[in-house]
Amino acid sequence: MSVVVLDANAVIMHGRAFPDRVRTAVEKGSTLILPRSVKQELVDDGLANDDAPVNHRASARAIQDLVDEGFLVLRTPDFETYSGIIDEARRRIADDTLPEHTVKADQYIPALVCGLATDNTVHLVTADTKLRTIVQDIAARNGVTENVILRDPLTVL
């Protein structure tokens with residue numbers, strides 16, 4: 001079984017094909033994990049915004065359907081165990097154009113990946129080079145490097 005963690009850009013890059021690709025991957029034996037923070041950003045915030053474009057709301061509903069049908073598994077990191085990793089990731093993601101208090105979903109992904117990689121091989125699907133570097137560094141310090149594989153979004157689904 002393959003454990004795959006998707007970040008927001010991995011979902012967005014597939015566009016309308018995302019639901020079919022998710023179903024196919026799961027039917028072939030993959031476990032697709034959508035961090036709760038990514039769901040919040042892509043689904044909950046989109047559906048709560050009455051001014052969101054129609055296509056954004058439709059995409060949000062399609063992702064929610066995948067969650068409801070069990071094709072996407074929601075996970076959060078263990079905050080007590082991994083709070084230091086979350087704090088470090090937030091600081092490293094922030095920069096001059098993105099203040100630390102506005103960093104959203106990505107800050108939780110390194111902690112989630114490290115937690116899952118203690119027992120599984122985890123494929124992190126992201127095109128975000130900064131996030132990739134942060135995950136590599138943190139995985140190395142936590143002794144799970146050999147269980148973390150970074151994948152390009154268009155090569156997994």
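How many of the 157 residues of the protein chain count as buried? The share is 44%, where buried means under 20% relative accessible area, exposed means over 50%, and partly exposed is in between (1.4 Å probe, protein chains only).

Before you click on anything, some ground rules. You are looking at a predicted model, in which local features need pLDDT of at least 70 and side-chain atom pairs count only at pLDDT 80 or more, while totals for chains, interfaces and linings use all residues. Residues are numbered from 1 along each chain as its sequence is written, and side-chain values use heavy atoms, with hydrogens and water left out.

**Stop 1: the whole chain**

Show the protein chain as a cartoon. Trace the elements from the N terminus and the order reads β-α-α-β-α-α-β-α-α-β-α-β-α. The protein chain is as compact as a globular protein of its length, because its radius of gyration is 15 Å, close to the 15 Å that the globule rule gives for 157 residues. That radius is taken over C-alpha atoms, and the rule is 2.2 Å times the number of residues to the power 0.38.

Among contacts with a separation of 6 or more, 75% come from residues 24 or more positions apart.

**Stop 2: charges**

Colour by charge, with Lys and Arg as positive and Asp and Glu as negative; His and the chain ends are not counted. There are 17 positive and 24 negative side chains. A salt bridge here is a side-chain nitrogen of Lys or Arg within 4 Å of a carboxyl oxygen of Asp or Glu, and the count comes to 6.

Select Lys39 and Asp44 for one of them: the closest N and O atoms are 2.7 Å apart. Lys39 is buried, at 10% relative accessible area, and Asp44 is partly exposed at 28%.

**Stop 3: Glu88 and its partners**

Now pick Glu88, which counts as buried at 14% relative accessibility. Which residue does Glu88 pair with at 3.1 Å? Arg92 is the partner, that distance being between the closest N and O atoms. Both sit in helix H5 (residues 79-93), 4 residues apart, about one turn of the helix. Arg92 is partly exposed, with 30% relative accessibility.

Glu88 lies in helix H5 and Arg141 in helix H7 (residues 129-141), so the pair ties together parts that are 53 residues apart in sequence. Arg141 counts as exposed, at 53%. Include Asp137 as well, and you have one network of Glu88, Arg92, Asp137 and Arg141, joined by salt bridges that share partners.

**Stop 4: Asp106**

Finish in the loop between H5 and helix H6 (109-117), where you will find Asp106. Asp106 is buried yet has no salt bridge. Where is the nearest side chain of opposite charge? That is Lys130, 9.2 Å away. Leaving out residues up to four places away in sequence, Asp106 touches Asp7, Ile93, Asp128 and Leu131.

Notes:
Helix = DSSP H or I, 4+ residues; strand = E, 2+ residues; numbered from the N terminus. Contact = heavy atoms within 4.5 Å. Charge placed at Lys NZ, Arg CZ, Asp CG, Glu CD.
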